[in-house]
Amino acid sequence: MNIFLRELKVYRKGLLFWCLGMVMLVASGMAKYASFKGNSQAVVELMSQFPKSVQAIFGLTGFDLTKASGYFGVLYVYIALMVTVHAVLLGAGIVSKEERDKTSEFLFAKPISRFRVLSEKILAGLFNILVLNLVTSLSSVYFIGYFASDESFMSDVIILMVGLLMLQLIFFFIGTAVAGFCKKPKLSGTIATSVLLLTFVMTFFINISENLNWLSYFTPFKYFDAKDLMDSGFNLIYLVISAILVIVSIFITYKFYYSRDLDV
Amino acid sequence: MNIFLREIKAYRSSTLIWILSLCTLVTVFLFMYPAFTRDVDATRAIMANLPAAMRDALDISLANFFTIYGFFAYIFTFATLAGAVQAMNLGVGIMSKEDSGKTVDFLLTKPISRFKVFTSKLFASFGLILITNTVFSLTSYIVAGIVSTDGLDIQIFSLILASFFLIQLFFLALGILFSMLIKKIKSPVAVTLPTVFGFFIIGMLGSIVGNDNVRYICPFKFYDLNYVIDKGLYEINYLYIELVVVFIAVIASYLIYSRKDIRAAS
Amino acid sequence: MNIIETKKLTKYYGKSLGISEIDLEIKEGEIFGFIGPNGAGKSTTIRTLLGLVYPTSGSATIFGKDIIEFGPEIKEDIGYLPSEVFYYDGMRVIDLLKYSGSFYKKDQAVILKKIKELAEYLDLDLKKKIDDLSYGNKKKVGIIQGLLHEPKLIILDEPTGGLDPLMQQRFFDLLREENKKGVTILFSSHILSEVQKLCDRVAIIKDGKIVKIDNIKDLAKDTHKRFKLEFKGEIDRKQVTELIGVSDLAFDDNNASFLLKGNINEAIKLIAGFELTNLLVEEPDLEEIFMHYYVADKK
C-alpha cells in the first residue's frame, strides 16, 4: 500500500489542476451555449443532406445545437481530448518516472516484487482517472442542468461519461504499455502522446470521407463518438475491441516491465 | 556556434519526424481534394432546389469552403495544433533540459556568458522551426499545385502557410518562458500538452459560437483563415499582439535566465 | 598575487543561509584545501565563484577580475570538476570532450592532444558511449573535461568519490604535476586525509562561516600531540587528569589516551614516573584537529 499512497500524494497536485481545468472547460463551454443561438432547425435539416465532407469542412457537427445536450455533444470531443491527454501522460509517467528520476535503485532495492510495484502504481493511476471522470461527470450534469430548461439529458450524459471512462482506460493502459516496453524513460511520454495525436487527427480524416470509414477501427475516439453514443448507444464490436486493447496493453505492460533491465 | 550546432544535432531526429508527419498529413489530405470537388458539385445540386434567397445566402457563406483554400484550411487547423505542440515542446525542452539532465554545471562553467548560452539556444530552436516551416510550406505548395484544378493564389496560400510559422513562433516563445517560470520540469510534454490543447479548445469553442473576444487570447485564432481567403490579408492587430507577446516572453525569459541561481544537483 | 580573493562573500537562498561573510585569499601556485562537513557551504562558495549562483552581498575576484562582470573571461582559465558528473546522453566520450574543448579559445589541435594524453594516463576508452561508462569512468571523463584546456586555476568539488585508490593516486599525481607548472588549485572535500595529503593551506568552514585558515603544517602542529600510554598496572587516573593542557582524555583498561597542548616537558616528567609497557607520541591527524574545532565550538 505504501507505493499506492505515495503515488497518490505525488499526483495529488496535478490531479487538482486537471480537475479544475475540466470544471472550467465544461463551465466555459456551456456558458457559451447560453449566449448561443443555433441555426434554425430547417437549415440544420437541409444541411444534413450535404455530403459528409462538406458538412465537416463547413464545421457542421450533426448535433442539434438548439438543445443543451446537443451542444454538449460538440463539447464532448474536446473533453475527451483533454482527459485522454491526462490519461496517456499519467500512464506513461507513473510507470517510467522512477527510471527518469533515477530513483529506481532506491525502489527496487527494497524487498518488494516488480509485480507489486507495478500493480500499486496502476491502481494509483486508475484512482486518478476515476476521480477526474467523476469530477467531469458531475460538473457536466450540473452545468447542462443549469442551462437546459426542460429537456431530459441524464441518459445522454451518463452514456457519454461511461464512454469517456472507456477512452481514459484505453489511453491510460496504452501509456503504461509504452512505458513498460520503452527502454528510454524520457521517450515513453513522447511516444504515447504521438499515438494519441495520431488517432485524434485520424478522426478528422474519417469525418470528411465515406471511403475512410474502415479507419474507425484504428482510433478509439471513433469507438466512443458522441453522436453515435447519443443516437444508438454502445456498439458491441467497438466494446470488444476496447476490451482487447486494454487487456493486451496490460499484458505488455507487465510482461516487458517484468523482464527487462531497468535503466539506472 | 558550438552550442547552436550541438542543439541542432540533438533535435535533428525529432524535428525530422515532425516534418515527415506534418508533410504526410497535408499530402494525404490534399490528395482527397478531387473527391471533395465532386461532393461540392453534389451539394450545389441539392442547393439548386432551394428558394433563391436561401440559396444565395448559403452560397455566400459556403463560397470560401468550396475553394482549395477552404479545404486546406480544414486540415491546416490540426496541422497547426501539431505544429504548436512541436514548437512549445522544443521551447520548453531546449531550455530546461540542462537543468533536468544536470548538465547545466558543465555548460555554465565554460568561458561563455549566459547571454550567449541563451541566444545560442534561442537561435537553434528558431532555426529548427524555420526548417520545419520551409519544408512544410514547399510540400504544401507543390501538392496543392498538383491537385488544384484552377491554379493557386500565391498570396493567399502563402499567408495561410505563414500563419503556421507565426503560431509556432508564439508557442516557441511561450515554451521558453514556461521553462523559466516552472521549476524542475521533468517532462516537457506534461507542460506542453495541457497548455497547447487548452488554447486550442478555447479557440474551437469560441469559433463554434462565434465569440470574437476569445480571439485576443487564443493564438490559434489570431489569423482568421476565412478573412485571409476573402481579403488576402491578415488582421494586422493580431499580428501586433503576437509580436508584443513574443518579444516580452523572450526578454523576460532572458532576464530570468541571467539572474537565476543554479543550485547543486540534488 | 591572489588568484582568488573574496570579500565578505554572502549568499542566502531565500531566507536560508548558504554562506556568510567569507573572506578568502588564495595565492598563485598554492593548493588550497577547503574542508567542512556536508552542508557547511563548500559547494555554495564554489558555485558562487563560478557564477552559477549570485552572491547576496560581498564580492569576489579571480585573477584580479570581478567574478560577475568578467565571468566568461575568467572561466577561460578555470578548470572545474564537480562532485557528481552528469553528461549529455547519447554522446561518445570523445564527442563530449571535443564539445567541451570547443568552448575555449585555445588551439583545438592542442586540446585534442591533451585529451588523448590524459585519457591514456587515466586509462579511459574515448570511443565508448558515456551512458555505458561506470561511475568511476564517468568521473575520469569529468577530470579530463576539467583539465583539457590547461587551466591556470583548477577548482575541485569533492572530486575523488568513485575513484579506486590507484586512480585516486594517479589523479593526485596529476594535480601535483599541474601544480608544479604553477597552476593554482582549490580543493574542496570532507575527507580530511586527502586534503592533508595534497594541500598547502586549508580553510575550515562550518555553518557557512570560515572557522579557521591555516597552513596545513601549522594546523597540525599547533603544539598538539597525541599521547597513547599503556600501563603495566593500575592507572593513576588522578595524576593524568590533572596534567595541564590535556584534552580528549580517554581511559580503557590499561590504556590512557589524550591530546596535549602546550609544553610537553611537564608531561614527560610525569610519565617518567609511570610503569608503562608502551608509549606513543604522535602528530594528531587533521581529523582530530578538525573535530577539535567543531567540538570546541559546540561547547
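In which sense, right-handed or left-handed, does α4(C) cross α5(C)? The crossing is right-handed, where a crossing counts as left-handed if the near helix is turned anticlockwise from the far one by less than a right angle, and as right-handed if clockwise.

## About the model

This is a predicted model, in which local features need pLDDT of at least 70, side-chain atom pairs count only at pLDDT 80 or more, and totals for chains, interfaces and linings use all residues. Residues are numbered from 1 along each chain as its sequence is written, while chains are lettered from A and ligands numbered from 1 in the order in which they are written.

## Chains A and C in outline

Chain A has 11 helices and 0 strands, where helices (H or I, at least four residues) and strands (E, at least two) are DSSP runs, numbered from the N terminus. Of the 264 residues of chain A, 41% count as buried; a residue is buried if 20 or more other C-beta atoms lie within 10 Å of its own, exposed if 12 or fewer, and partly exposed in between, with C-beta atoms placed from the backbone. Two residues are in contact if their C-beta atoms, placed from the backbone, lie within 7 Å, and among the contacts in chain A between residues at least 6 apart in sequence, 80% join residues at least 24 apart.

In chain C there are 11 helices and 14 strands, and the C-alpha atoms of this chain fill a box of roughly 70 × 45 × 35 Å, taken along the principal axes. Of the 299 residues of chain C, 38% count as buried, and among its contacts between residues at least 6 apart in sequence, 70% join residues at least 24 apart.

## How the chains meet

Of the 2 pairs of chains that touch, chains A and B have the most contacts between them, and this contact takes 31 residues from chain A and 30 residues from chain B. On the side of chain A that touches chain B, the elements that give two or more residues are α1 (2-34), α3 (52-58), α4 (68-100) and α8 (185-208) of chain A, and α4(A) gives the most, with 8 residues. By class, this side of chain A has 18 nonpolar, 10 polar and 3 charged residues, where Ala, Val, Leu, Ile, Met, Phe, Trp, Tyr, Cys and Pro count as nonpolar, Asp, Glu, Lys and Arg as charged, and the others, Gly among them, as polar.

The contact between chains B and C takes 19 residues from chain B and 22 residues from chain C. On the side of chain B, α1 (2-10) and α6 (104-108) are the elements that give two or more residues, with the largest share, 3 residues, coming from α6(B), and the residues of this side divide into 7 nonpolar, 5 polar and 7 charged. Chain A and chain C do not touch, and their nearest C-alpha atoms are 10 Å apart.

## Two packed helices in chain C

Helix α4 (residues 108-122) and helix α5 (residues 135-147) of chain C pack at an angle of about 145°, with their axes 10 Å apart; the axes are lines fitted to C-alpha atoms, for helices over the stretch in contact, and angles run from 0 to 180 degrees between N-to-C directions. Here I115(C), L118(C), A119(C) and L122(C) in α4(C) meet K140(C), I143(C), I144(C) and L147(C) in α5(C), and the residues of this contact divide into 7 nonpolar, no polar and 1 charged.

## Strands in chain C

An open sheet of 4 strands in chain C has the order β2-β1-β4-β5, with antiparallel pairing, where two strands pair if DSSP finds at least two bridges between them. Because β2 (16-27) and β5 (65-66) of chain C stand at the edges with a single partner strand each, one side of each is left without a neighbour in the sheet. Strand β1 (residues 2-13) of chain C is joined to β2(C) by 8 bridges, and the two run antiparallel; E5(C) stands opposite E25(C) in β2(C).

Strand β11 (residues 224-231) of chain C runs antiparallel to β13(C) and is joined to it by 7 bridges, with R226(C) opposite L259(C). Strand β12 (residues 246-252) of chain C also pairs with β13(C) in the antiparallel sense, over 5 bridges, and in the hairpin of β12(C) and β13(C), which has 2 residues between the strands, D253(C) takes a positive phi near 50°.
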